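Below is a short report on one protein fold. It moves from the sheet to the core and then to single residues.

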Amino acid sequence: MEYAYQLNLPSVTEILRPEFKDNPWKTVDGLVTVTDAEEFVDPSWLTFKGLNWYKANIFKKAPGWYGPIHTDGDNTVQTWAINWVDGAGGGMEFWHPDAVTSSSLEYDVGGRTDGRVKGWRHIVNRPADFVYQTPPSSAWLIDVTVPHNGFNPASSTQTRWAFSLRTNIGDKPDTFKDAVEYFSDLIIYK
Ligand SMILES: [Fe+2]
């Protein structure tokens with residue numbers, strides 16, 4: 001079992017509301033933006049695969065930016081996500097949990113202090129166990145309960161955007177393993 005699987009889905013611009021298709025991120029300025037899915041996602045995609053897509057996190061990474069190694073949330077967010085990549089490709093890194101040597105619960109780099117979504121930051125003892133190169137326009141089913149980060153290499157000439165769509169905590173499928181099963185018809189096995 002891996003921690004990320006590429007999915008056979010249209011590019012992110014295909015799932016966004018018409019007003020975002022040309023320049024999707026023009027109103028986004030933070031490194032991390034948390035928003036209701038319906039603000040960005042076309043109504044026709046808000047229930048794709050029979051699920052209720054309700055949150056979207058948007059991650060912005062300049063060339064050379066490696067995100068902090070973290071797990072998402074404090075048991076307050078879904079265990080998995082679908083991330084679309086736009087702009088620069090870059091990639092994602094994942095570690096098995098036994099790589100963690102220490103952890104601290106912190107607010108994310110977006111600096112939210114409303115107590116809603118926090119993340120665990122981790123110190124790890126080795127290079128990533130899995131590194132996935134994520135081409136522009138690709139979509140990925142990812143496990144957000146294991147240490148991970150996203151990166152945009154220094155050689156890049158563009159900003160890397162990740163548009164991360166979430167269902168609600170408690171909605172099925174509620175584990176990454178079950179999500180892999182649920183999306184098996186869309187997974188691109190390499
Ligand atoms: Fe994350």
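In which sense do E3 and E12 pair, and over how many bridges? The sense is antiparallel, and E3 and E12 share eight bridges. Two strands count as paired if DSSP finds at least two bridges between them. Strands (E, at least two residues) and helices (H or I, at least four) are DSSP runs, numbered from the N terminus.

The model is predicted: local features need pLDDT of at least 70, side-chain atom pairs count only at pLDDT 80 or more, and totals for chains, interfaces and linings use all residues. Residues are numbered from 1 along each chain as its sequence is written.

**Overall build**

The protein has three helices and twelve strands. Its radius of gyration is 16 Å, close to the 16 Å that the globule rule gives for 190 residues, so the protein is as compact as a globular protein of that length. That radius is taken over C-alpha atoms, and the rule is 2.2 Å times the number of residues to the power 0.38. The C-alpha trace spans about 45 × 40 × 35 Å along its principal axes.

Of the 190 residues, 36% count as buried. Buried means 20 or more other C-beta atoms within 10 Å of the residue's own; exposed means 12 or fewer; partly exposed lies in between, with C-beta atoms placed from the backbone. Among contacts with a separation of 6 or more, 84% join residues 24 or more positions apart. A contact requires C-beta atoms, placed from the backbone, within 7 Å.

**The sheet**

Six strands form an open sheet, ordered E1-E10-E5-E12-E3-E2, with antiparallel pairing. Strands E1 (4–7) and E2 (32–36) stand at the edges; each has a single partner strand, so one side of each is left without a neighbour in the sheet. Neighbouring strands are turned by 25 degrees against each other on average, direction ignored. Here the axes are lines fitted to C-alpha atoms, for helices over the stretch in contact, and angles run from 0 to 180 degrees between N-to-C directions.

Strand E5 (residues 80–87) is joined to E10 (residues 139–143) by five bridges, and the two run antiparallel. Within that pair, Asn83 has Trp140 of E10 as its bridge partner. E5 also pairs with E12, again antiparallel, over six bridges. There, Gly87 is partnered by Arg160 of E12.

How enclosed is E12? Eight of its eight residues are buried, so E12 is largely enclosed by the rest of the structure. Arg160, Ala162, Ser164 and Arg166 point one way from E12, while Trp161, Phe163, Leu165 and Thr167 point the other way.

**The core**

A nonpolar core is a set of buried Ala, Val, Leu, Ile, Met, Phe, Trp, Tyr and Cys residues joined through C-beta atoms within 7 Å. The largest one holds 36 residues; Ala4, Trp80, Phe94, Trp140, Leu141, Ile142 and Phe163 touch the most other members. E1, H1 (12–15), E3 (53–61), E5, E6 (91–94), E10, E12 (160–167) and H3 (176–182) each supply at least two residues. The largest share, five residues, comes from E5.

Leaving aside neighbours within four places in sequence, Ala4 contacts Met92, Phe94, Tyr132, Trp140, Leu141 and Ile142.

**Single residues**

| Residue | Phi | Loop | Other C-beta atoms within 10 Å |
|---|---|---|---|
| Lys49 | about 60 degrees | between H2 (37–40) and E3 | 14 |

Lys49 is partly exposed.

A cis peptide bond joins Lys172 and Pro173, with omega about -5 degrees. Pro173 sits in the loop between E12 and H3.

Val100 lies in strand E7 (residues 100–107). Val100 is partly exposed, with 17 other C-beta atoms within 10 Å. Not counting residues up to four places away in sequence, Val100 touches His122, Val124 and Pro147. Val100 and Asp129 are 29 residues apart in sequence and 12 Å apart in space, C-alpha to C-alpha.

Technical notes:
Contact = placed C-beta atoms within 7 Å.
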